[in-house]
Amino acid sequence: MSLDFRDETFRGDFTFSNSPEAVRRFPFPFDRDAYMYAVNIERHVPTGREGSVFEHAFDVDEHYVSEMRDRALVLAEDPLRCQSLPHMALAGWDLLELIMESKARDYPDLFSLTKDGDRWHWVNRPLNVDDRFTFLDEATLPCGPLEYITRQTQGDFTLQDQREDSLWLDAGIVTTQADWSLDFDLGMKFHEWHAPVPVAHQLGVFDRALKFLMSIQHGQPYRRLNWTLTVDPLLDTSPENYPKWGPSRASLTPETVGRRMHLRVELQSFWRLPRSNALAFPIRAYLCSFEDIVSVPKWGRRLHRVLRDIPEELATYKGFARNRGLLVDYLAAFDDGQPTSPGIWPDDP
Amino acid sequence: MEPILSRPRYGKLAPAKGRAHLAMADGEGAGALLDLVAQAPDRAGFLAALHVIYVPGPGGLDRGEEVSRLGAALCHRAPSLAATLPRLRKVLADAHMGTQVYLAGSEGLIGQALREAMEAGLPFSAVQTEQRGSLARRVQCVHCKGVTEEVVTDPFRCSHCGLHLFVRDHYSRRLAAFQGVNIDAEEPGQVPLPVVRFA
Amino acid sequence: MSGGTPIPVVVSEVTPLNDLVTRFRFRRRDGLPFPAFSGGAHTVVEMDDHGTRRRNPYSLMGDPADTAAYSISVRRDDAGRGGSLYLHRHVRPGSELVLSHPVNLFPLDLRARKHLFIAGGIGITPFLAMIHQCLRLGLRFELHYTARTRALGAYMDDLERQHGRNVRLYLDDQDQRLDLSGLLARQPLGTALYVCGPKPMIAWVLATARDMGWPEAALHSEEFLAPPTGAPFRASLARSGIGVTVGPHQSLLEAIEAAGLDPPYLCRGGACGQCETDVLACEGRILHNDHWLTDAQKASGTKIMPCVSRIEGPSITLDR
């Protein structure tokens with residue numbers, strides 16, 4: 001697969017857009033015409049569909065270079081978006097090893113890793129990185145291992161310490177989040193940082209999810225999809241910057257919905273880390289405008305039905321209750337009432 | 001409605017097994033200290049191993065006299081929490097496993113003292129806490145990161161950056177504060193009248 | 001779900017350490033490096049003992065950073081079900097076995113200011129790996145290690161020589177007793193305590209610590225419960241439509257596996273909860289031998305941990 005890295009922005013003039021290939025491989029999250037919470041976890045292994053976002057451990061796509069540029073801007077404005085409690089340094093190294101080994105294996109044209117004992121040599125061609133360092137020696141890297149490797153990897157990451165019958169959010173980098181604050185949630189345990197999510201607690205979703213996550217073992221990662229909606233292809237929809245992007249929610253019109261409203265899907269995976277026994281949690285955001293979504297007929301029909309019927313509490317929690325009418329009206333034009341096939345994939349043309 | 005899971009829960013102080021006891025309170029928390037000592041099966045023994053630190057509560061309520069008369073082996077009255085933090089840190093740094101910690105009074109005192117105990121290596125689940133008196137909150141503005149002390153209304157103005165913030169029940173032990181979020185972000189200028197909620 | 005993808009290995013060294021304990025060293029058959037692991041982790045060793053498949057957990061005792069080989073130390077149990085005997089008697093350099101990926105239910109708490117290790121007998125093994133990790137990360141530790149005799153104190157010489165000041169040894173036959181209260185009284189706030197050894201020793205250490213006001217979150221222990229033997233019984237697996245007979249030396253979990261199913265497990269020792277199974281019916285009394293279910297759950301008779309528990313009676317029906 002050849003990759004042409006796009007030169008685009010996720011703020012200001014918002015020049016982001018998806019190529020037709022990127023639209024086809026977009027991880028549409030709904031496998032049926034309705035949405036409710038589920039612990040919808042599956043093994044993180046290739047599906048066999050060539051080119052899908054699930055084929056590699058850490059997917060690299062045409063937005064890679066531009067996303068990393070946006071991340072660097074976010075970190076420059078707000079260094080608190082990347083934090084690691086002192087005891088999580090070892091987990092940071094585990095993550096660095098995992099990402100470097102995976103990418104060098106899956107994209108040998110783009111990345112290479114050579115080791116001479118604990119002296120490592122890492123090359124990242126798209127970002128023009130060529131670094132030599134000593135594994136486990138932070139003095140030989142320009143910054144901590146977590147920050148170093150995630151400045152070169154798409155998606156947010158949290159590293160969770162496993163102790164006292166729970167998982168603890170003790171490190172992370174969060175620049176593409178759907179409205180939660182790493183600085184505030186750092187140090188919380190599983191049920192605490194999920195506390196604001198409506199409905200799910202009563203359903204026992206988090207009890208089951210925690211039990212499952214705590215039993216994940218090294219060598220067997222898992223994944224799931226989560227979703228929300230964002231006005232404009234803004235990756236940094238942080239609570240910190242809410243006064244800046246909040247007004248955009250109130251500025252949508254029927255003429256601009258298609259172009260400006262984006263379905264934002266998180267491909268989340270779960271990895272047991274070897275030396276620290278911590279759990280790594282990558283949260284990789286994919287954006288697709290409504291007008292691109294509806295170019296896939298099955299997705300247009302299904303998205304309409306999901307948003308039309310979703311409970312109000314969820315619409316409020318996901319931040320689009322205000323615009324629900326507008327969105328549903330726009331999508332209605334693309335729903336002819338035909339049945340949709342089960343599963344998330346587009347129907348073959 | 002059930003309080004959200006990230007909101008701290010408080011109990012009632014009761015003497016626990018240990019070789020040393022460290023108790024800290026502000027304002028009406030003095031009452032919890034008195035009740036704590038009254039429950040000790042071996043009052044003299046408990047007092048001989050007790051170190052008390054007391055500061056006035058939000059609004060200045062000071063029951064320090066009663067606390068001094070308890071007869072604890074060590075009793076220190078300080079003018080404010082901020083003034084006494086270095087002492088607290090040193091006491092915790094010198095403490096051994098088997099030290100029991102008790103905190104009572106406002107959420108602000110409890111949260112900040114609890115944070116010091118955690119920094120010193122005590123798990124927060126091992127620290128006893130009892131909320132008494134003022135419900136005024138410490139609130140961190142998620143936008144500028146400044147903490148506003150003794151917040152009683154919702155919404156309120158951040159004392160650092162001036163944004164109007166609504167007060168969430170989402171709480172951080174690490175910051176010892178609740179979260180404040182801009183209330184008029186989506187429609188600037190639309191700010192509801194403040195209501196007293198945390199008196 | 002069991003411990004990840006299995007790792008085929010070949011035994012590279014078999015070293016008897018004393019009358020009871022032998023060390024086994026393994027290399028991967030595919031020549032690739034082993035995964036690094038965290039101190040306190042164990043591997044489940046799968047053996048084919050003349051037709052009986054055994055799966056026993058053993059602590060990984062080597063340096064967690066050594067990816068060339070994994071090592072375990074096994075105490076021979078003549079009265080046991082046969083796993084340790086099989087290893088001692090039939091496994092030689094060149095023997096082929098299968099290991100699970102490392103699984104850690106007894107990790108270091110990396111936030112602790114000091115790590116206090118208390119080991120009894122073969123319970124020393126997880127601490128050997130933890131000590132490597134402490135040294136590599138610059139963590140403060142102290143080991144207190146008791147054994148019946150010096151001869152039976154595996155690795156005592158090495159530990160004393162390499163870590164002198166941080167190691168204290170106690171020999172029963174010389175009446176050397178660990179002054180536990182004294183030791184616990186002088187630990188600074190932020191000390192994490194770890195104990196591994198015979199069941200009564202673990203109970204004594206934890207009870208003493210709790211009595212002295214140590215918080216639960218600072219106490220860590222690991223005990224590998226061997227599945228007890230007992231009278232045979234029948235188990236019906238309702239979802240699979242299969243019936244199995246559980247032999248006297250076979251655990252319920254092993255019987256289910258022998259029937260071809262692959263139920264989840266992790267520690268195989270009654271501690272981790274992974275194999276928790278719903279009981280649909282039971283003719284007889286469940287003998288709960290685990291540390292996982294609550295008293296209420298045990299009394300209700302609706303759940304069982306098949307890795308270590310049995311029944312007294314003819315049959316049980318499970319939701320498997």
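The model is predicted, with local features requiring pLDDT of at least 70 and side-chain atom pairs counted only at pLDDT 80 or more, while totals for chains, interfaces and linings use all residues. Residues are numbered from 1 along each chain as its sequence is written, chains are lettered from A and ligands numbered from 1 in the order in which they are written, and side-chain values use heavy atoms, with hydrogens and water left out.

In chain A, A:Arg71 lies in helix 2, residues 64–77; helices (H or I, at least four residues) and strands (E, at least two) are DSSP runs numbered from the N terminus. The side chain of A:Arg71 reaches the backbone oxygen of A:Thr150 at 2.7 Å. Beyond its neighbours within four places in sequence, A:Arg71 is in contact (heavy atoms within 4.5 Å) with A:Thr150, A:Arg151, A:Thr153, A:Gly155, A:Asp156, A:Ile173, A:Thr175 and A:Thr176.

In chain B, the axes of helix 4 (residues 81–94) and helix 5 (residues 107–119) come within 10 Å and cross at roughly 30°; axes are lines fitted to C-alpha atoms, for helices over the stretch in contact, and angles run from 0 to 180 degrees between N-to-C directions. Helix 4 of chain B is therefore roughly parallel to helix 5 of chain B, as angles under 35 degrees count as roughly parallel, over 145 as roughly antiparallel, 65 to 115 as roughly perpendicular and the rest as oblique. Helix 4 of chain B contributes B:Leu81, B:Leu85, B:Leu88, B:Arg89 and B:Leu92 to the contact, and helix 5 of chain B contributes B:Gly108, B:Leu109, B:Gln112, B:Ala113, B:Glu116 and B:Ala117. By class, this contact of helix 4 with helix 5 of chain B has seven nonpolar, two polar and two charged residues (Ala, Val, Leu, Ile, Met, Phe, Trp, Tyr, Cys and Pro count as nonpolar, Asp, Glu, Lys and Arg as charged, and the others, Gly among them, as polar).

Backbone geometry was also examined. The peptide bond from B:Asp154 to B:Pro155 is cis, with omega near 0°, and B:Pro155 is found in the loop between strand 8 (153–154) and strand 9 (156–157) of chain B. A:Phe14, in the segment before helix 1 (20–24) of chain A, has a positive phi near 45°. A:Asp179 has a positive phi near 60° and is found in the loop between strand 7 (166–173) and helix 5 (182–185) of chain A.

Technical notes. Polar contact = N/O pair within 3.5 Å; in protein donor to acceptor, adjacent residues only side chain to side chain.
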